Amino acid sequence: MAENRSQCSSRRNDNTKTIASQTPQPTPREQGMAGSLPYPCLPRPREDCIGIVCDYSDISTLDHVIANAAIKGKSQVYRNCIGLSRSIGHSQEPFFLTKYLKTKMKATGPITVADYMREVLTNPVTGYYMHRDVIGDKGDFITSPEVGQLFGEMVAIWLFSEWQKVGSPNPLQLVELGPGRGSLSEDLLRVFAKFGAANLVSLHLVELSPHLGRLQAQRLCGDTTKENEPNSVENHYRSGTSLHGTPVFWYHRLQDVPQYFSCVVANEFFDALPVHKFQKTEAGWREILIDIDPNDENKFKYVISRGETLASRLFIKKTECRNHLEVSPESAVIIQHIVDRLEEDGGIALLADYGHNGTNTDTFRAFKRHQLWDPLAEPGTADLTADVDFSCLKDAAGDRVVTFGPVSQREFLINMGIEVRLEMLLKSCKPELKDRLVTGYHLMVDKEKMGDRFKFFALFPSVLKEHLKKFPVAGFHNA
Ligand code: SAH
């Protein structure tokens, strides 16, 4: 457990500012057709845009193509780019991303918020996650597995008991999406080893960040990992053996993980996936885009598309009642990959994140050193995040799976017996650790801390529907 972990703030949105308050207010002229909207209207194509005449309705087409390429071909794209970033080293140039984004905007016009988020977080050369440790008291945000072992233990016990209830299919793959520093995986392996299942499982980590991937390797396997050039037979880029003797593999995307029965977990992974933002106007839905600030070439500002974009046409339901909306198509695609896997190979998925059930609106925000930060300022130096819309995940999952939740983290952890476990640990731990355990417990469970904002959501293949009625899923009693 890291020193003082529990004293850090999480990426909660209690102080969430609206975009309007993060964005310099437009002048009346800038507002143009947008009237009283907090976003200036999209400017006409620039004359200096390197000869590319850009119809703004194409921006989302471009964005969509990039997103699809990222999802479908990510492995190859990222392998190439990571190779490139290794060969040139991590660019230390402070405003590399600002320059890169400006060049992109000069060439093709404003970009979608999704495109911005993707570049800022996972650009292989200087993306936020790619080359440093951003989690914990010395980073920008704290997550529940970093707060202490209780969170990971409850998740592990849930996975173990649900796996047993479906007959302990063997072999079992534990799959974690976005493992950060590897704390949750470490807890999972420890609990599975305690239950005598270390030799029945393998661990599969889906991680884009070379730096965090190395941290995970060191933490879980010591110095025993070896790099692998992914090929048609072996898709992993690294492998090793954990301190408990469990084989561990690393991948760039979920589709590369071998197709066996899998328990898939993800904590604070979906909130890092790109979102499109939309605003309802008198003329209909418009997309919020990001452009160079005409008053300061080194800054960015939000603008609003003049007409519909492909994304606004594709992703907004006719029945939508909100005026502002965030949609993450990439999350939907990953959910569908999880569902394919559960249906074809069997498995269980447990997702935890802060989020809502189709009610929240403007949640895109940034965190730097545990404080809210302007998402458009100094891109690449702060974490970008948006609340997860579990209703969208549920829609994307469809009826091939049975879903449970979202329930609050507080409810899930208490249902799973976190209080009993805390009591046990308090009896056996060193006196100097007691305070930390209790503070960590409150941070994870208290309503005004992480307890209410964070939610748990589970997916099972629909073939288990009747079975789950007889043997109800643990942790989701009121779901
Ligand atoms: N689950 C961890 C870390 C959360 S931070 C915890 O709870 O502590 C988000 C993690 O997801 C990081 O490891 C980041 O590198 C990874 N990540 C972000 N976007 C990703 C993507 N598109 N594919 C794979 N991993 C990604």
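Colleague: What share of the chain's 479 residues is buried?
Modeller: Buried residues make up 57% of them. Buried means under 20% relative accessible area, with a 1.4 Å probe and protein chains only. This is a predicted model: local features need pLDDT of at least 70, side-chain atom pairs count only at pLDDT 80 or more, and totals for chains, interfaces and linings use all residues. Residues are numbered from 1 along each chain as its sequence is written, and side-chain values use heavy atoms, with hydrogens and water left out.

Colleague: OK. How many helices and strands?
Modeller: The chain has 17 helices and 18 strands. Both are DSSP runs, numbered from the N terminus: helices are H or I with at least four residues, strands are E with at least two.

Colleague: Now the ligand. Which residues are closest?
Modeller: Thr143, Gly178, Gly180, Glu207 and Asn267 are the closest, out of 20 residues that surround the ligand. A residue counts if one of its heavy atoms lies within 4 Å.

Colleague: What does Gly178 do there, in terms of polar atoms?
Modeller: A polar backbone atom of Gly178 sits 2.7 Å from a ligand nitrogen. Asn267 also has a backbone N or O atom 2.7 Å from a nitrogen of the ligand. For Gly180, a polar backbone atom is 3.0 Å from a ligand oxygen.

Colleague: How much of the ligand's accessible area does the protein cover?
Modeller: 97% of the 570 Å² that the ligand has on its own. Areas come from the Shrake-Rupley method with a 1.4 Å probe.

Colleague: And how does the shell divide by residue type?
Modeller: 10 nonpolar, six polar and four charged. Gly counts as polar here.

Colleague: Switching to the core. Which residues touch the most other members of the largest one?
Modeller: Trp158, Leu174 and Phe476, in a nonpolar core of 61 residues. Such a core is a set of buried Ala, Val, Leu, Ile, Met, Phe, Trp, Tyr and Cys residues joined through side-chain atoms within 4.5 Å. Helix H7 (residues 149-165) gives the most to this core, nine residues.

Colleague: What does Trp158 touch?
Modeller: Leaving out residues up to four places away in sequence, its partners include Ile348, Leu350, Phe412, Met416 and Phe476. Contact means heavy atoms within 4.5 Å.

Colleague: Last one, H12. Which of its residues are buried?
Modeller: Phe390, Ser391, Leu393, Ala396 and Ala397, in a helix that runs over residues 390-397. Their cover includes helix H11 (329-345) and strand E12 (347-356).

Colleague: What follows H12?
Modeller: Gly398, with a positive phi near 70°.

Methods
A polar contact is a pair of N or O atoms within 3.5 Å; within protein, one must be able to donate a hydrogen and the other to accept it, and residues adjacent in sequence count only if both atoms are side-chain atoms. Buried means under 20% relative accessible area, exposed over 50%, partly exposed in between (1.4 Å probe, protein chains only).
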